[in-house]
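Subject: Structure for you to look at

Hello,

Here is the structure I said I would pass on. Please open it next to this message and follow along.

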Amino acid sequence: MTRSYNLDTKAAEKADAKSSRIQTTGEYIGAFKYAIAVKSSRTGTEGIELHFEDTDKQEARITLWTAKASGEMLTGNNVLHAIMTCLSLRGIQATRQTIELYDHKAGAKVPKDVETYPDLAGKRIGLLLQLAPEEYLDQAQEIKVANRIDLYSVFNPDTRMLASEILRRAPKAEMLDRMKASLKDKALKKLSVGKSNAPQAGPASGGGFDDFEDDIPF
């Protein structure tokens with residue numbers, strides 16, 4: 001029998017949501033468009049800026065801070081290796097690439113020469129993303145709320161296994177559903193007196209990432 005269709009207003013709204021930003025806590029499947037090496041000019045902390053796009057063309061930009069200037073590794077490094085595990089990558093190398101990125105001064109996307117990790121891009125991956133609203137002062141010194149998105153966990157979208165399950169060759173995926181059941185928005189981070197809540201170079205949040213074993217199954 002040929003399929004009939006009843007109007008789904010949410011689906012209709014999604015059709016107009018091209019390149020919109022992800023602003024809801026939940027599970028998303030898609031791929032990284034770019035993975036760009038970044039370094040804090042203030043602290044020297046190194047990291048990777050991930051430009052994620054899901055199957056509905058919604059986007060999120062997530063920065064993993066991986067190492068301090070002193071060489072001390074940060075929590076974001078664990079998250080990066082969980083991503084590599086879910087993508088079956090044993091290593092990634094940075095390479096110079098010119099890509100179009102949004103420039104605030106220009107008010108538009110312009111070509112920029114940056115160091116990227118192309119092995120992380122273009123491969124299907126699942127993310128649990130968490131809305132993390134926080135107050136900030138705008139240029140008029142008025143308190144506004146920024147809806148930041150944090151990376152809570154990462155999984156293989158085909159097996160639905162997390163990195164630790166992949167590495168210990170778990171017979172079936174169990175952790176993702178438990179994480180989803182407990183996942184909720186973070187509480188609003190209020191602006192401290194005398195503070196601007198300017199972005200800080202530090203570890204990315206990411207619950208549920210375990211230490212890896214040496215016995216890599218890929």
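In which loop is Arg160 found? Arg160 sits in the loop between β7 and α3. Its phi is near 60 degrees, which is a positive value in a residue other than glycine. Arg160 is partly exposed, at 27% relative accessibility. Ser88 is another residue of this kind: its phi is near 55 degrees, again positive in a residue other than glycine. Ser88 belongs to the loop between α2 and β4, and it is partly exposed, with a relative accessible area of 43%.

Before going further, note that this is a predicted model. The protein chain has an average pLDDT of 88, and 86% of the residues score at least 70.

The core

The largest nonpolar core has 32 residues. Those with the most contacts inside it are Ile83, Leu120, Ile125, Leu127 and Leu129. The elements that each give two or more residues to this core are β1 (26-39), β2 (46-54), β3 (59-67), α2 (75-86), β6, β7 and α3. Helix α2 gives the largest share, six residues. As background, nonpolar side chains in soluble globular proteins tend to be buried together.

Helix α4

Which residues of helix α4 are buried? In this helix, residues 175-182, they are Met175, Leu176 and Met179. Seen down the axis of α4, these buried residues fall within an arc of 95 degrees, so they line one face of the helix. The buried residues of α4 pack against β6 (124-137), β7 (143-155) and α3 (163-167).

The β4-β5 hairpin

Strands β4 (residues 95-103) and β5 (residues 108-116) run antiparallel and are joined by nine bridges. The hairpin has four residues between the strands, and Gly107 takes a positive phi near 70 degrees.

Asp103 is also in strand β4. Is Asp103 buried or exposed? Asp103 counts as buried, because its relative accessibility is 18% and the cut-off for buried is under 20%. Not counting residues up to four places away in sequence, Asp103 touches Ala108, Val110 and Lys112.

Salt bridges

How many salt bridges does the structure hold? There are 16. Three of them are described here.

In one of them, the side chains of Glu59 and Lys33 meet, at 3.2 Å from N to O. Glu59 lies in strand β3 and Lys33 in strand β1, so the pair ties together parts that are 26 residues apart in sequence. Glu59 is partly exposed, with a relative accessible area of 23%, and Lys33 is partly exposed too, at 34%.

Another salt bridge links Glu72 with Lys68, where the closest N and O atoms are 3.5 Å apart. Both residues are partly exposed: Glu72 has a relative accessible area of 43%, and Lys68 has one of 36%.

A further salt bridge is formed by Asp150 and Arg148, with the closest N and O atoms 3.0 Å apart. Asp150 counts as buried at 8% relative accessibility, whereas Arg148 counts as partly exposed at 36%. Elsewhere, salt bridges that share partners join Lys33, Glu53, Lys57 and Glu59 into one network.

That is what I have on this structure.

Regards

Technical notes: Residues are numbered from 1 along each chain as its sequence is written. This is a predicted model: local features need pLDDT of at least 70, side-chain atom pairs count only at pLDDT 80 or more; totals for chains, interfaces and linings use all residues. Side-chain values use heavy atoms; hydrogens and water are left out. pLDDT is the predictor's confidence in each residue, from 0 to 100. Buried means under 20% relative accessible area, exposed over 50%, partly exposed in between (1.4 Å probe, protein chains only). The arc is that of the directions from the helix axis to the C-beta atoms. Contact means heavy atoms within 4.5 Å. A nonpolar core is a set of buried Ala, Val, Leu, Ile, Met, Phe, Trp, Tyr and Cys residues joined through side-chain atoms within 4.5 Å. Two strands pair if DSSP finds at least two bridges between them. A salt bridge is a side-chain nitrogen of Lys or Arg within 4 Å of a carboxyl oxygen of Asp or Glu.
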